[in-house]
Amino acid sequence: FFRCSPCSCLPFIPGCVVHLSKMLGKSKQRRTMPVAQPPRMMTQIKRPRLTNQTFRKNVCPTEEHSSEFAVKDQKNDDEKMVDIDGHQFLIRSMRLMDVAECFSLGQNIFTSQLASTLYRTWDDYNLVDALYTAPEFCLVAQKVLHAHAPTPNGKPSRAKKDIPRSPPKKPLHAPQRSHVIGFALGSIQRKANAPSTGYVRWVGVRPSYQRKGIGTALVTEVIRRMFIEEEGKVAQIIADTPMVNAPALAFFRHLHFGNPEPHVYMHMNLQKPAGTIPPPSEVVVQLAPTTVKTREIRYDDLYNIFKLGTEVYAEHSTLQRIWSEDEVTSFFLTDSEYCMVAETKEGELAGFVLGQVMNRPRWHYGYLAWMGVNPHIQRGGVGRALFEAFRAKVIEEGANMLLVDTQKSNAPAIAFFQKLGFKEDEDSAHCYFTMETKGNVQI
């Protein structure tokens, strides 16, 4: 049927800013609960494998084409020095101490003037969620400053007259580092019995350092780590950005991303009526020719939701690539109160909706991320019943606006949302890019 893209608008601003994401902000109400991305189960979190370890395989771009990767013997450390225009920059794994600075940097980059979808979806939980679930693909960039020899009083000397005639020899200070000047957040979409898909969710570079190759260095390192983590079994790398973000479009093409797939975002303003009461947990809706009941998601719904989504998204390339078991379990663990199913009186799954609420300083946004209806009973009112149940939930939470997105080619979904009252934003058009690796990995 259709799916409203999993929070993914991959940002980018002049130079090197990519919100490559499924718009992945999570519900404020449950932010105290740890969330695990692949493998998503709380007791089976896959911890980073790149820090201070030696790997027999290392992946780097070949000269022929940047989307081809060669695997070589090399030590892969947590930090990497990059020389750009005679200056040294440190590309390293993000740490907890970097979160506040990276979030502030993102606020200064992903503004409403750049693109409304980026402004609405960038929040503090994006960083915390990414750092917890996929720390090996969360990187920061810092400029390396010059080091000076120490003097007895502990201050660096700059002239010979300041250096004592016979001081004890001491090593140079460790190179000093600047504030964080850029960051990148990535993730891996894994599917059973199939190669993985890499996803560059967000990339941001401080304006004074844009167009200097920092964004390229960050994204290249994220992709290299993806190949190492998956032992070369990465079928493709995807990223997206608003169509109005011309520098980002050029940036992706420069990195040999192609196969652009248009995507649209739509919104609906919400207002909580006076005197409303909390919505019931279950609602029975009389539809022709059957009766369905909408209710909150349960653990025994997860696999049936995944199977139905796999069926209805098969005709839409972008949706099919991102849809996975991890998507279902992630929403169940973090935002189950905004995830609904519709079932027939016989207990058969008729449809589902997965969503969340994102918080901004002046706005609260409801985001309908995924929606699917059994193809055999489409156009019978199941989709509307699910939407009304979801809308009641986000209104009760205090949301001012409801967001949804889907592929531009998904005409039935667009018509459905327009009929419900959704409108396209002026700068809502997005574009998904793909870097096809085609297994070009040389051992």
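The legends below describe close-up views of a predicted model.

The model is predicted, so local features need pLDDT of at least 70 and side-chain atom pairs count only at pLDDT 80 or more, whereas totals for chains, interfaces and linings use all residues. Residues are numbered from 1 along each chain as its sequence is written, and side-chain values use heavy atoms, with hydrogens and water left out.

**View 1. Helix H1 and the elements around its buried residues.**
Helix H1 covers residues 99-109; helices (H or I, at least four residues) and strands (E, at least two) are DSSP runs, numbered from the N terminus. The buried residues of H1 are Val99, Cys102, Phe103, Leu105, Gly106 and Ile109, where buried means under 20% relative accessible area, exposed over 50%, and partly exposed in between, with a 1.4 Å probe and protein chains only. Viewed along the axis of H1, these buried residues lie within an arc of 160°, so they line one face of the helix; the arc is that of the directions from the helix axis to the C-beta atoms. Ala100 and Asn108, on the other side of H1, are exposed. The buried residues of H1 pack against helix H3 (124-133), strand S5 (138-144), strand S6 (177-191) and S7, contact being defined as heavy atoms within 4.5 Å.

A pair of aromatic rings is described by the distance of the centres and the angle of the planes. Rings of Phe, Tyr and Trp (its six-membered ring) pair if their centres lie within 6.5 Å, and planes under 30 degrees apart count as stacked, over 60 as edge-to-face and the rest as tilted. The structure holds 19 aromatic pairs. One of them is the tilted pair of Phe110 and Trp202, with 4.8 Å from centre to centre and 55° between the planes. This pair links distant parts of the chain, since Phe110 is in the loop between helix H1 (99-109) and helix H2 (116-121) while Trp202 is in strand S7 (residues 194-205), 92 residues apart. Phe110 is buried, with a relative accessible area of 1%, and Trp202 also counts as buried, at 0% relative accessibility. The pair of Phe417 and Phe422 is edge-to-face, because the ring centres are 5.4 Å apart and the planes stand at 75°. Phe417 is buried at a relative accessible area of 0%, and Phe422 is buried at 3%. One aromatic cluster is formed by Tyr303, Phe306, Tyr313, Trp323, Phe352 and Trp370.

Helix H9 (residues 382-396) has 15 residues and, at 1.5 Å a residue, should span 21 Å, which agrees with the 22 Å between its end C-alpha atoms; the expected span is 1.5 Å times one less than the number of residues. The buried residues of H9 include Val382, Leu386, Phe387, Phe390, Lys393 and Ile395. Just after H9, Gly398 takes a positive phi of about 100°. In helix H10 (residues 411-420), the buried residues are Ala413, Ile414, Phe416, Phe417 and Leu420. Seen down the axis of H10, these residues fall within an arc of 160°, so they line one face of the helix. Among the elements that cover them are strand S9 (258-269), strand S14 (364-373), H9 and strand S15 (401-407). Gly421, which follows H10, has a positive phi near 110°.

**View 2. Strand S9 and its partner strands.**
Two strands pair if DSSP finds at least two bridges between them. S9 and S15 pair in the antiparallel sense over seven bridges, and the bridge partner of His267 in S15 is Leu403. S9 and S17 are likewise antiparallel, over four bridges, with Pro262 opposite Cys431 in S17. S9 and S16 run antiparallel and are joined by two bridges, and in S16 the partner of Met266 is Glu424.

**View 3. The surroundings of Asp425.**
Asp425 is found in the loop between strand S16 (423-424) and strand S17 (430-436), and at 10% relative accessibility it counts as buried. Leaving aside neighbours within four places in sequence, Asp425 is in contact with Ser116, Arg120, Tyr265 and His267. The C-alpha atoms of Asp425 and Thr117 are separated by 8.7 Å, although these residues are 308 residues apart along the chain.
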